[in-house]
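Grab a pencil and work through these exercises with the model open beside you. Try each task before you read its solution.

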Amino acid sequence: MLDYIKSYLDMNATPGQAGNVFWATVYIFVVFGGVSVAVMAMNWLERKALAHFQIRLGPMRVGPHGLLQPIADALKLLTKEDIIPSEADKFVFWIAPLIILCASFTVYIVIPFGPTHAITDLNIGILFMLGVSSLSVLGVVMAGWASNSHYPLIGALRSSAQMVSYEVAMGLAVVSAILMTSLNKTGTGTLSMIGIVQAQQAQQTWFLFKFFPLGFIAFGVFAIAMVAETNRAPFDLPEAESELTAGFHTEYSGLRWSLFMLGEYAAMIAVSSIAVTLWLGGWMRPFPNALAGETWDLVFSLFPGFTFLALAVFCFIGVARMPKHPYFRIQTIGLAGFGAVLALIGLILFAPPVRDRIFDIYWFCIKVAGFMYLYIWYRATFPRYRFDQLMKVGWKVLLPIAVGVLILTAVMGVIF
Amino acid sequence: MAPVATTFFFYFLSGLAVLGGILVITRKNPVHSALALILTLLAVAGLYLMLYAPFVAGVQIILYVGGIMVLFLFVIMLVNLDKSAKEDQFNKQWLVGMVAAAALLGLFMAVYLKGKYLFPIQEAKLPEQSNVQEVAVSLYGNYMFAFEIASLLLLVAIIGAVVMAKKRI
Amino acid sequence: MAPITTVHYLVVAAALFILGVIGVLTRRNVVIVLMSIELILNAVNLNLVAFSRLYGVQGQVFSIFVITDAAAEAAVGLGILIAFFRNKETVNVDEVDLMKW
């Protein structure tokens, strides 16, 4: 048994490819826990960042600077009364959030955090991700229909029409990125996520900068389509409060509503990781070829530790700026403790054995975190699209651009 | 990677598929039938994976479950009447239909009993090329003409569906 | 138990086909009839992919075409249903009995 567990550590493959069930389960739990923590952190970041964009402070009371607010929200939602509308179809009402949740979380088994740091590496990785993320449309439709009320029904119809429309543009942008993986000596591309990043490594460029501006336009189409696909601002008409009283999840309360939110944030992180893998080089550090060599490798591998130390410094600045009043004593101590934990993690990440294993996971997560911040920035900045404008952009603007980029990429690939 | 627990997964997936099929034809509520059909389609995608056809499994999930079933659910929501849910579910010719289905079942059983030893029992060797690459070479090489005609068919279907569902042409 | 052979998959496909045929011939709701047709097409696809394991990749290529055709046919069939429903307010196959109204 112990040999079975230890034999994987020598192998240079993902647990799924190695057939090692124990380590695959460990990886699944780690990814699941990581995504849940990321969703809670995203909840906090969204409220604080939106508030600061709007020149206010956001939650400040619950923990120091509102750091415990997501936990308070989760506890509140868990203890709320579970209301089901009387004429609602109970089975469909129950299963709709589960379908969205399962579809959003199943995608994580192919996301490549590193060359061997994935749960598995399917041969059809990107096809699997696109397919499974399209299952969440079913959950939306079922949620709207099962609520037996007209606001959710209209919200569900609009939301699913929007998601299906932007899936087409997303798929075409993905195809033009896959096309770029085949521009090597043997002329064969690959659909596996790890293979796509390795193709970027072999061709020594992020696909974002390949055949400039074609990679850039394809990335732009995907970036817009992924925001619309996850029903986020500025494409969030189906769940906007002033238009449709929360759309398809109006009748859901308590834990069921939190499942919807969990699924939505998980889907956001999942499509951001598709964008990072396909265009932004996945787990590669910036400038792997222009700034190559031992010293530059060392410099870039110190980044994880420095990031956590910088966060710890922010915490200590916050501690210094706390009001010196006995009511704030617990918050000050809490924030100082949080800063100390972050500094400790930063110091652990400076140790060479940890550094060598962690650096690709770190670069992947930093790029995805950048996308998360962009999501919040879009929500604070852009006004909402009206529904007919939304459909017009999806079909009449993004789809022709995506088709054009695909044809031009193929032509450039044949010429060069 | 060697296949693992093939018999269990085969019986599990085919049991799910047949159960979903039975639920499709017996539920009174069309939305429940649609959900059962989704279950069947996902089980059949799993069976395709067992048959070493990952590309067809992926296409099935994207197109069938993510596209066609969404279309069905849309239309069910648009034409759903409470009155029809309380009526009878089987139409006037149900007895004749069952007799015809029984005849078909008899035909299938005769074919099975006669021909069940026709096919080679040992499994065929695994393909060397990646499955997607093989399908792509075949699709864009030998069957290019059929591919173009399929795209023309889809264009005609799009125009036809839009024209028929419009309120005023 | 016996190893799983091609015939096992063919039996499953035949079972799905018969369930689809029963659904088409006996149900009253037009939408459920269309869904039973999708069951029949899936049974055929399963047959094709089971044979492609033995005889080459053409079976899978053909099944992709069948899936494409199923999508086109579902769209057109549901378009007809909506056009009909707008006129007669029913989804009963028994009441689709006039050539012109």
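Helices here are DSSP runs of H or I with at least four residues, and strands are runs of E with at least two, numbered from the N terminus. This is a predicted model, where local features need pLDDT of at least 70, side-chain atom pairs count only at pLDDT 80 or more, and totals for chains, interfaces and linings use all residues. Residues are numbered from 1 along each chain as its sequence is written, while chains are lettered from A and ligands numbered from 1 in the order in which they are written.

**Exercise 1.** Find where A:Phe211 lies, and decide whether A:Phe211 is buried or exposed.

*Solution.* Step 1: look in the loop between α9 and α10 of chain A, and there's A:Phe211. A residue is buried if 20 or more other C-beta atoms lie within 10 Å of its own, exposed if 12 or fewer, and partly exposed in between, with C-beta atoms placed from the backbone. Step 3: count for A:Phe211. It has 22 other C-beta atoms within 10 Å, so it is buried. Step 4: check the backbone too. A:Phe211 isn't a glycine, yet its phi is positive, about 45°.

**Exercise 2.** Which peptide bond is cis, joining A:Pro213 to what residue?

*Solution.* Step 1: find A:Pro213 in the loop between α9 (193-202) and α10 (214-229) of chain A. Step 2: read omega for the bond between A:Phe212 and A:Pro213; at about 5°, that's your cis bond.

**Exercise 3.** Now try A:Phe287: is it buried or exposed?

*Solution.* Step 1: go to the loop between α12 and α13 (294-301) of chain A. Step 2: count again. A:Phe287 has 10 other C-beta atoms within 10 Å, so it is exposed. Step 3: look at phi, which is positive here at about 50°, although A:Phe287 is not a glycine.

**Exercise 4.** Work out how many residues of helix α7 (residues 136-146) of chain A are buried.

*Solution.* Step 1: go along the helix; A:Ser136, A:Leu138 and A:Trp145 are among the buried ones. Step 2: tally up. The count is 11 of the 11 residues, so α7 is largely enclosed by the rest of the structure. Step 3: ask what surrounds them. In contact terms (C-beta atoms, placed from the backbone, within 7 Å), their packing partners include α5 (90-106) and α8 (150-181) of chain A, plus α2 (30-50) and α3 of chain B. Step 4: peek just past the helix, where A:Asn148 has a positive phi of about 55°.

Notes. Contact = placed C-beta atoms within 7 Å.
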